[in-house]
Amino acid sequence: MAALKKASRRSTLSAGILAYRKGARRLEVLLVHPGGPFWHKKDGGAWSIPKGEIDAADAPEQVARREFAEELGHSASIGPLQPLGEIRQRGGKRVIAFAGEGHFDPATLTSNTFDIEWPPRSGRRQSFPEVDRAEWFDIESARTKMLSTQVELLDRLLAIAAESDGK
């Protein structure tokens, strides 16, 4: 029984990408809104960077790139990545984040899907997109849209941007 419980536990480590672009007047970041019925009516504080779970043998940057493509679709492109370090989300999950200049038209979103029993205890399984929306936000707007524990990634990105502007 203990082995069964251990096998069904979700990973506590993920990797993701904070994609950015230089807008007409300011830096913008790409965030995704989680799909499915639990997040349907939530907006502020619900958006995230595209990310996914890391297995023991996976390299974090490769996982981040894979999840970026799976959650947005293969039309999304990302350049060289810079490490943003690790954050810890409320539930204890650790996220290793990277930043990279990206190109993506949110109208082309084609996310992978997941199945759950919905409505609960109905015996019916339904499929939902892992990501139901993606959008470019300026930094100030992103601060209100993102999960509060991921906001620190914006400050890290701004520090990198300021450093590269100063060179």
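## Exposure and the model

Buried means under 20% relative accessible area and exposed means over 50%, with partly exposed in between. Arg 143, with a relative accessible area of 33%, is therefore partly exposed. The model described here is a predicted one.

## Strand β2 and its partners

Strand β2 covers residues 27-34. Because 8 of the 8 residues of β2 are buried, the strand is largely enclosed by the rest of the structure. In a regular strand the side chains alternate between the two faces of the sheet. Both faces of β2 are covered.

β2 pairs with β1, residues 13-22, in an antiparallel arrangement with 3 bridges. A hairpin of 4 residues connects β1 to β2. β2 also pairs with β9, residues 131-138, again antiparallel, over 7 bridges. Val 29 illustrates both pairings: Tyr 20 stands opposite Val 29, and in β9 the bridge partner of Val 29 is Phe 137.

## Salt bridges

Side chains of opposite charge can pair when their charged atoms come close. The count for this structure is 13 salt bridges. One of them involves Glu 28, whose side chain meets that of Arg 21 at 2.6 Å, N to O.

Lys 145 and Asp 43 form another salt bridge, with their closest N and O atoms 2.2 Å apart. Lys 145 lies in helix α3, residues 139-145, and Asp 43 lies in the loop between β2 and β3, so this pair ties together parts that are 102 residues apart in sequence. Asp 43 has 29% relative accessibility and so counts as partly exposed. Asp 43 and Lys 145 also belong to a network of salt bridges that links them with Asp 132 and Arg 133.

Helix α3 also holds Arg 143, which forms a salt bridge with Asp 155. The closest N and O atoms of this pair are 2.6 Å apart. Asp 155 lies in helix α4, residues 152-166, so the pair ties together parts that are 12 residues apart in sequence. Asp 155 counts as partly exposed because its relative accessibility is 37%.

## Aromatic pairs

A pair of aromatic rings is described by the distance of the centres and the angle of the planes. The whole structure contains 3 aromatic pairs. One of them joins Phe 38 and Trp 118: the ring centres are 5.4 Å apart and the planes are at 80°, so the pair is edge-to-face. Phe 38 lies in the loop between β2 and β3, and Trp 118 in the loop between β7 and β8, so the pair ties together parts that are 80 residues apart in sequence. Phe 38 counts as exposed because its relative accessibility is 51%, while Trp 118, at 24%, counts as partly exposed.

Phe 114 and Phe 128 form a tilted aromatic pair, with 6.0 Å from centre to centre and 35° between the planes. Phe 114 is in strand β7 and Phe 128 in strand β8, so that the pair links parts of the chain 14 residues apart. Phe 114 is partly exposed, with a relative accessible area of 27%. Phe 128, by contrast, is buried, with a relative accessible area of 13%.

Methods:
Residues are numbered from 1 along each chain as its sequence is written. This is a predicted model: local features need pLDDT of at least 70, side-chain atom pairs count only at pLDDT 80 or more; totals for chains, interfaces and linings use all residues. Side-chain values use heavy atoms; hydrogens and water are left out. A salt bridge is a side-chain nitrogen of Lys or Arg within 4 Å of a carboxyl oxygen of Asp or Glu. Helices (H or I, at least four residues) and strands (E, at least two) are DSSP runs, numbered from the N terminus. Buried means under 20% relative accessible area, exposed over 50%, partly exposed in between (1.4 Å probe, protein chains only). Two strands pair if DSSP finds at least two bridges between them. Rings of Phe, Tyr and Trp (its six-membered ring) pair if their centres lie within 6.5 Å; planes under 30 degrees apart count as stacked, over 60 as edge-to-face and the rest as tilted.
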